[in-house]
Amino acid sequence: MKKAAIFLADGFEDVEALATIDILRRGGIDVAIVNVEGRETVKTARNIVMYTDLRLNEVRFDELDALILPGGLGGYETLLGHEKIHKEVKQAYEDGKLICAICAAPGVLGKIGILNGKKATIYPGMEGELNGAQYVKNEVTKDGNIITAPGMGKSIEFALAILEELEDAAKAKEIAESVVF
């Protein structure tokens with residue numbers, strides 16, 4: 001079974017994270033919900049408190065096939081300043097693992113230098129955060145082992161792109177049809 005982790009901090013965008021978790025789990029991916037701030041619970045941008053599976057120090061990065069960063073201003077700001085996340089995402093990228101970011105979170109990938117020369121997208125108005133990437137407007141974008149999406153409205157499409165990469169197109173189509181996408 002493929003393994004992924006989604007990295008959350010207070011203020012993450014509810015739908016971007018939960019739709020991704022839902023679609024991937026429906027597709028048979030083992031998705032760990034990780035609180036990067038070291039607590040058992042995390043609060044969404046809409047003030048919903050939810051339990052997480054792991055704290056950042058409990059993650060076995062060597063066992064992951066994909067690392068996922070959602071947006072949401074508060075969560076994004078924490079991820080943007082979190083050196084451990086930067087180190088692990090960069091290492092995972094270099095190891096050929098799937099790196100996925102939506103909304104503002106592709107800015108983290110830009111900050112750590114893994115978007116240079118790649119096609120990527122980000123929340124409109126934040127294009128300058130992509131640092132050397134070729135900006136693709138408002139589309140889920142895959143280039144190499146990086147998948148980016150511009151915002152909440154693309155959450156299911158983003159999740160299906162991740163599922164297709166981790167499993168295959170048939171599995172992604174099956175799940176898309178099952179949720180009437």
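A residue counts as buried under 20% relative accessible area, as exposed over 50%, and as partly exposed in between. These classes are applied here to a predicted model. Arg26, with a relative accessible area of 46%, is therefore partly exposed.

Arg26 pairs with Asp22 in a salt bridge, in which the closest N and O atoms are 2.4 Å apart. Asp22 is also partly exposed, at 34% relative accessibility.

The structure holds 16 salt bridges. Helix α3 (residues 83–94) contains another of these pairs: Glu88 and Lys84, 4 residues apart, about one turn of the helix. Their side chains meet at 2.8 Å, N to O. Glu88 is buried, at 12% relative accessibility. Lys84 is partly exposed, at 34%.

Glu58 forms a salt bridge with Arg55, and the closest N and O atoms are 3.7 Å apart. Here the acidic residue, Glu58, is partly exposed, with a relative accessible area of 39%. Arg55 is buried, at 17%. A network of salt bridges links Lys3, Arg60, Asp62 and Glu63.

Helix α5 comprises 12 residues (155–166). At 1.5 Å a residue, the helix should span 16 Å; its end C-alpha atoms lie 17 Å apart, which agrees. Buried positions in α5 are Ser155, Phe158, Ala159, Leu160, Ile162, Leu163 and Leu166. The elements covering these buried residues include two helices, α1 (14–26) and α6 (169–178). Strands also contribute to the cover, among them β6 (66–69), β7 (98–102) and β11 (146–149).

Conventions: Residues are numbered from 1 along each chain as its sequence is written. This is a predicted model: local features need pLDDT of at least 70, side-chain atom pairs count only at pLDDT 80 or more; totals for chains, interfaces and linings use all residues. Side-chain values use heavy atoms; hydrogens and water are left out. The expected span of a helix is 1.5 Å times one less than its number of residues. Buried means under 20% relative accessible area, exposed over 50%, partly exposed in between (1.4 Å probe, protein chains only). Contact means heavy atoms within 4.5 Å. A salt bridge is a side-chain nitrogen of Lys or Arg within 4 Å of a carboxyl oxygen of Asp or Glu.
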